[in-house]
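Open the model in your viewer and keep the selection tool ready. This tour moves from one selection to the next.

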Amino acid sequence: KQSLPINDPNFKRLFCCAARICQKCTGQIELSEPCPSCSDVIHGQFRDEILAPRKPWEENPVGHKKWLHFATQDKSWAQVQLGRLYKYGLQGVPKDPKKCLEWIQCAADKENPDAYTEMAEIYIKGFGVKKSDAQVKKWTMMAADTGDPKQQYVAGMMNTMQCYGRNKNKSIYYLTLAASQDQVEAQYALGELIYSDHMNGAEEPEHRAIYWFKKAAKGGSIRAEGTLNMLLNERKKRPIIEPYQERIMT
């Protein structure tokens, strides 16, 4: 199921199957019609609320009851949201690290990608548990392996840090995965990593770094644009001795 921020104003989550649906489409669903995603008929005490205009979750007085209802039915996406209520103390729910961890762990056991990210954050902040770099890396890698480009970027950067067991090959691997999905921060970081290796005498060609800087600059990265201009200006001052340089300069 696709990840959906709980306060996303453009989408709703269908509580029967956790699929996403845009706000415009919710107004076209008749009470007697089956779910457009799983064909199940949405029914019960939450039917009217599901189709009603979305309210910010902090202001929804029945939110905790709703999430608990589906969490106890083993809906992993609801377990994640319920865990977040206990994490931040929202919707009249007091902060409770133990219950937060309990529900997030339940969702993680069901291989929910959002739960992996939440578990990593729990161990980063030590929310009800002892801080653990090993656990942070474990859950971040699991989140990255679900294909989320943001978590792939985080995993790539994590593998550049000594405290998480620096691993350049893994860093390049995850950054490349994220950059290939147009994650701008990953494109810039990958360009920096490749260029740094090039300057330190590695066989990494400079044009690969420039390629990723160009992609990041096109995606709106001001840092990438500045770095790219600097590199291209430097290359104009050099004699053309590399077969790929004429292609890069055009």
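The stops below cover ring pairs and then one cysteine.

This is a predicted model, where local features need pLDDT of at least 70, side-chain atom pairs count only at pLDDT 80 or more, and totals for chains, interfaces and linings use all residues. Residues are numbered from 1 along each chain as its sequence is written, and side-chain values use heavy atoms, with hydrogens and water left out.

**Ring pairs**

Rings of Phe, Tyr and Trp (its six-membered ring) pair if their centres lie within 6.5 Å; planes under 30 degrees apart count as stacked, over 60 as edge-to-face and the rest as tilted. The count comes to 6 aromatic pairs.

Select Y116 and W139. Their pair is tilted, 5.8 Å centre to centre with 35 degrees between the planes. Y116 sits in helix α6 (residues 113–125) and W139 in helix α7 (residues 133–144), 23 residues apart. Helices are DSSP runs (H or I, at least four residues), numbered from the N terminus. Both Y116 and W139 are buried (under 20% relative accessible area, 1.4 Å probe, protein chains only).

Next, select Y188 and F213. The ring centres are 5.6 Å apart and the planes at 55 degrees, so this pair is tilted. It links helix α10 (residues 184–199), which holds Y188, to helix α11 (residues 206–218), which holds F213. Y188 and F213 are buried.

Now pick W67, F70 and W77. Ring pairs link them into a cluster.

**One cysteine**

Where is C163? Look in the loop between α8 (149–158) and α9 (168–179). C163 counts as partly exposed because its relative accessibility is 47%, and that class lies between buried and exposed (over 50%).

Definitions and conventions. Helices (H or I, at least four residues) and strands (E, at least two) are DSSP runs, numbered from the N terminus.
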